[in-house]
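This report is meant for a reader who meets the structure here for the first time. Please look over the sequence and the model before reading on.

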Amino acid sequence: MAEAPVMFGVQMQSGELLPWTWAVERLAAARTYWIATTRPDGRPHTRPVWGVWLEDGFWFSTGSVARLSLPRNPEISVHLDDGDRPVIVEGTAEAVSEVRALARFVAAYNPKYDWDIAATDDGVADGSGAAGPAFRVRPRLVFGWDSDMRAPTRWRFPST
């Protein structure tokens with residue numbers, strides 16, 4: 001994210017908006033994320049995944065139906081496993097196969113989860129042989145609010 005997002009929100013209670021750093025800290029610290037995609041027949045698909053927040057978006061890999069749905073419809077929603085202080089990312093997912101980019105993902109992912117994924121020619125694989133594509137979600141909108149629905153804030157990102 002070279003450019004900072006534009007922040008706006010609804011003035012409620014204290015009238016304050018949350019700083020972008022609040023959302024980034026929550027996105028980076030989370031252990032489990034939920035993704036929502038759309039199957040080719042239009043039905044929703046929602047799954048928990050592990051992932052990492054890097055400066056250019058949210059990175060994850062999955063063997064779920066999402067790996068087949070995202071190439072057809074890259075629109076995705078990602079949210080934290082916390083309904084009291086949520087952060088919700090709406091954006092576009094793209095499969096990443098460039099080795100240097102995947103190495104950044106792996107370098108952040110492995111220590112976070114004490115795992116052993118490695119970059120491959122077309123995604124990532126772990127020591128058990130499970131392999132799949134890696135995706136980067138570039139945010140378009142991010143929503144967040146603090147406990148008790150305070151400080152609802154929306155961050156909009158420039159189109160790329």
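Is Trp50 buried, partly exposed or exposed? With a relative accessibility of 27%, Trp50 counts as partly exposed, where buried means under 20% relative accessible area, exposed over 50% and partly exposed in between, for a 1.4 Å probe and protein chains only.

## Basis of the model

This is a predicted model, in which local features need pLDDT of at least 70 and side-chain atom pairs count only at pLDDT 80 or more, while totals for chains, interfaces and linings use all residues. Residues are numbered from 1 along each chain as its sequence is written, and side-chain values use heavy atoms, with hydrogens and water left out.

The pLDDT, which is the predictor's confidence in each residue on a scale from 0 to 100, has a mean of 88 over the chain, and 90% of the residues reach 70 or more. Over residues 9–13 the pLDDT falls below 50, although this stretch has 11 contacts in the model beyond near neighbours in sequence, a contact being heavy atoms within 4.5 Å. Where pLDDT is low, the predicted coordinates should not be read in detail.

## The chain as a whole

The chain holds 3 helices and 12 strands; helices (H or I, at least four residues) and strands (E, at least two) are DSSP runs, numbered from the N terminus. The radius of gyration of the chain is 16 Å, close to the 15 Å that the globule rule gives for 160 residues, so the chain is as compact as a globular protein of that length. That radius is taken over C-alpha atoms, and the globule rule is 2.2 Å times the number of residues to the power 0.38.

Along its principal axes the C-alpha trace spans about 50 × 35 × 30 Å. Buried residues make up 40% of the 160 residues, and among contacts with a separation of 6 or more, 60% are accounted for by residues 24 or more positions apart.

## Strand pairing

Strand S6 (residues 75–80) and strand S7 (residues 87–96) pair in the antiparallel sense over 5 bridges, where pairing requires that DSSP finds at least two bridges between two strands. A hairpin of 6 residues joins S6 to S7, and Ser77 stands opposite Glu90 in S7. S7 is also joined by 10 bridges to strand S11 (residues 134–146), again running antiparallel, and the bridge partner of Ala93 in S11 is Val137.

An open sheet of 3 strands has the order S8-S9-S10 with antiparallel pairing. Its edge strands, S8 (118–119) and S10 (131–132), each pair on one side only. Between strand S9 (residues 124–125) and S10 there are 2 bridges, with Val124 opposite Gly132 in S10.

## Aromatic pairs

The chain has 11 aromatic pairs, in which rings of Phe, Tyr and Trp (its six-membered ring) have centres within 6.5 Å; planes under 30 degrees apart count as stacked, over 60 as edge-to-face and the rest as tilted. The rings of Trp20 and Trp155 have centres 5.4 Å apart and planes at 65 degrees, so this pair is edge-to-face. The pair links distant parts of the chain, since Trp20 lies in helix H1 and Trp155 in strand S12 (residues 150–156), 135 residues apart. Trp20 counts as buried at 19% relative accessibility, and Trp155 is buried at 1%.

The rings of Trp50 and Tyr113 have centres 4.3 Å apart and planes at 5 degrees, so they are stacked. Trp50 lies in the loop between strand S3 (44–49) and strand S4 (51–54), and Tyr113 in helix H3 (residues 99–113), 63 residues apart. Tyr113, at 5% relative accessibility, counts as buried. Ring pairs link Trp50, Trp59, Phe105, Tyr109, Tyr113 and Trp115 into a cluster.
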